[in-house]
Amino acid sequence: MKITGIHTKKQGPNEEKVIISTSDGNIECIFHDAGSNFGIIWLCGALGGFDGPSFGIFRILSERMVADGISSLGLHYRHPGDFDECVLDVLSGIKYLKQRGINKVALVGHSFGGAVAIQAGTMSEEVEAVVGLASQTYGAQEVAKLAPRPLLLIHGERDRNLSADCSKHIYRWAKEPKELRILKNN
C-alpha cells in the first residue's frame, strides 16, 4: 500500500486530525505532537476508533505523553476487523511518523489491536517496543520475530472477553526480552 497524500487540520495546541491517503483508501488519525523523535501508535480493538479501552484512555494518555516529550498517533483502521488490512494501516502510520521525524516508535494495542501491534512490530525496523493489552492470540503467532525488541503483555485475570491465557500463550511464543503482567482481581 502506497501513501498518496497527507492532510492535517489543527485541533488544539498539540493536536492535529490527520488523514493519511493511500492507494487503498484513507486512514483517519489523531496526532499529538511533542516535537520529539519518539512516538507511540495507539491501536484499538477490532472495531477501531480513537478512544481505546476504558472510554478514552488512549486520548488521555496521548495528551499526558506530550508533557513527557512523547508524540503519539491514534489510528482508526480503514477496514476494522480485517487483520491484514489493519497491519498495513499501522505500517502506513509508522511511515507517517517517520516523515514527521519520529524514528523510534512503540506500538500499544488493545485486544485485536494487540495482535495487530505484534505483527506490525515484526515488519518494521522503526518499532522499538510493543505493548499488548489483553491481546488476542490470532495474528500474534509470529511474535518471536519481534526479538530483540521488548514485548510487554498486560492482561486482567478476570477478563470476560479474552482469557488471560491468550497473553500467557503469546508470552510463551515470544523470545526475550519479554514481560507478562497478569493483573489480579481485574
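This is a predicted model: local features need pLDDT of at least 70, side-chain atom pairs count only at pLDDT 80 or more; totals for chains, interfaces and linings use all residues.
Biologist: What makes up the protein chain, in helices and strands?

Modeller: The protein chain holds 4 helices and 9 strands. Along the sequence, their order is β-β-β-β-α-β-α-β-α-β-β-α-β.

Biologist: How do you know whether the radius of gyration of the protein chain agrees with that of a compact globule?

Modeller: For 186 residues, the rule for a compact globule gives a radius of gyration near 16 Å, and the protein chain has 15 Å, which agrees. The C-alpha trace spans about 40 × 30 × 30 Å along its principal axes. Of the 186 residues, 49% count as buried. Among contacts with a separation of 6 or more, 60% are between residues 24 or more positions apart.

Biologist: How do you know whether the span of helix 3 agrees with its number of residues?

Modeller: Helix 3 covers residues 112-123, and at 1.5 Å a residue its 12 residues should span 16 Å. Its end C-alpha atoms are 17 Å apart, which agrees with that expectation.

Biologist: Why is helix 3 described as largely enclosed by the rest of the structure?

Modeller: Helix 3 is described in this way because 11 of its 12 residues are buried. Among them are Phe 112, Val 116, Ile 118 and Thr 122. The buried residues of helix 3 pack against strand 4, helix 2, strand 6, strand 7, strand 8 and helix 4.

Biologist: Where does Ser 111 lie, and why is Ser 111 called buried?

Modeller: Ser 111 is placed in the loop between strand 6 and helix 3. Its relative accessibility is 18%, and buried means under 20%; Ser 111 therefore counts as buried. Beyond its neighbours within four places in sequence, Ser 111 is in contact with Gly 45, Leu 133, Ala 134, Ser 135, Gln 136 and Leu 162.

Biologist: How many aromatic pairs does the structure hold, and why is the pair of Phe 83 and Phe 112 called edge-to-face?

Modeller: There are 5 aromatic pairs in the structure. The ring centres of Phe 83 and Phe 112 are 5.9 Å apart and their planes are at 90 degrees, so the pair is edge-to-face; the cut-offs are centres within 6.5 Å and planes over 60 degrees apart. Phe 83 belongs to helix 2 and Phe 112 to helix 3, so this pair ties together parts that are 29 residues apart in sequence. Both Phe 83 and Phe 112 are buried.

Biologist: What makes the pair of Phe 83 and Tyr 138 a link between distant parts of the chain?

Modeller: Phe 83 is in helix 2, whereas Tyr 138 is in the loop between strand 7 and strand 8, 55 residues apart. Their rings also form an edge-to-face pair, at 5.6 Å centre to centre with 75 degrees between the planes. Tyr 77, Phe 83, Phe 112 and Tyr 138 form one aromatic cluster.

Biologist: Are Phe 83 and Tyr 138 buried or exposed?

Modeller: With 9% relative accessibility, Phe 83 counts as buried. Tyr 138, with 56%, counts as exposed, since the cut-off for that term is over 50%.

Biologist: Which residues touch the most other members of the largest nonpolar core?

Modeller: That core has 37 residues, of which Ile 41, Leu 107, Val 116 and Leu 151 touch the most other members. Helix 2 gives the most to this core, with 8 residues. Leaving out residues up to four places away in sequence, Leu 151 touches several residues, including Ile 118, Val 130, Ile 170 and Lys 178.

Biologist: What makes Lys 178 lie over the face of Tyr 171?

Modeller: Lys 178 is 4.3 Å from the ring centre of Tyr 171, and the distance cut-off is within 6 Å, together with a direction within 35 degrees of the ring normal.

Biologist: Why are Arg 59 and Asn 37 called partly exposed?

Modeller: Arg 59 has 28% relative accessibility and therefore counts as partly exposed. Asn 37 is partly exposed because its relative accessible area is 37%. Both terms rest on the range between the cut-offs of 20% and 50%. Arg 59 is found in helix 1 and touches Gln 11, Glu 15, Ile 30, Phe 50 and Asp 51, residues up to four places away in sequence not being counted.

Note on methods
Residues are numbered from 1 along each chain as its sequence is written. Side-chain values use heavy atoms; hydrogens and water are left out. Helices (H or I, at least four residues) and strands (E, at least two) are DSSP runs, numbered from the N terminus. The expected span of a helix is 1.5 Å times one less than its number of residues. Buried means under 20% relative accessible area, exposed over 50%, partly exposed in between (1.4 Å probe, protein chains only). Contact means heavy atoms within 4.5 Å. Rings of Phe, Tyr and Trp (its six-membered ring) pair if their centres lie within 6.5 Å; planes under 30 degrees apart count as stacked, over 60 as edge-to-face and the rest as tilted. A nonpolar core is a set of buried Ala, Val, Leu, Ile, Met, Phe, Trp, Tyr and Cys residues joined through side-chain atoms within 4.5 Å. The radius of gyration is taken over C-alpha atoms; the globule rule is 2.2 Å times the number of residues to the power 0.38.
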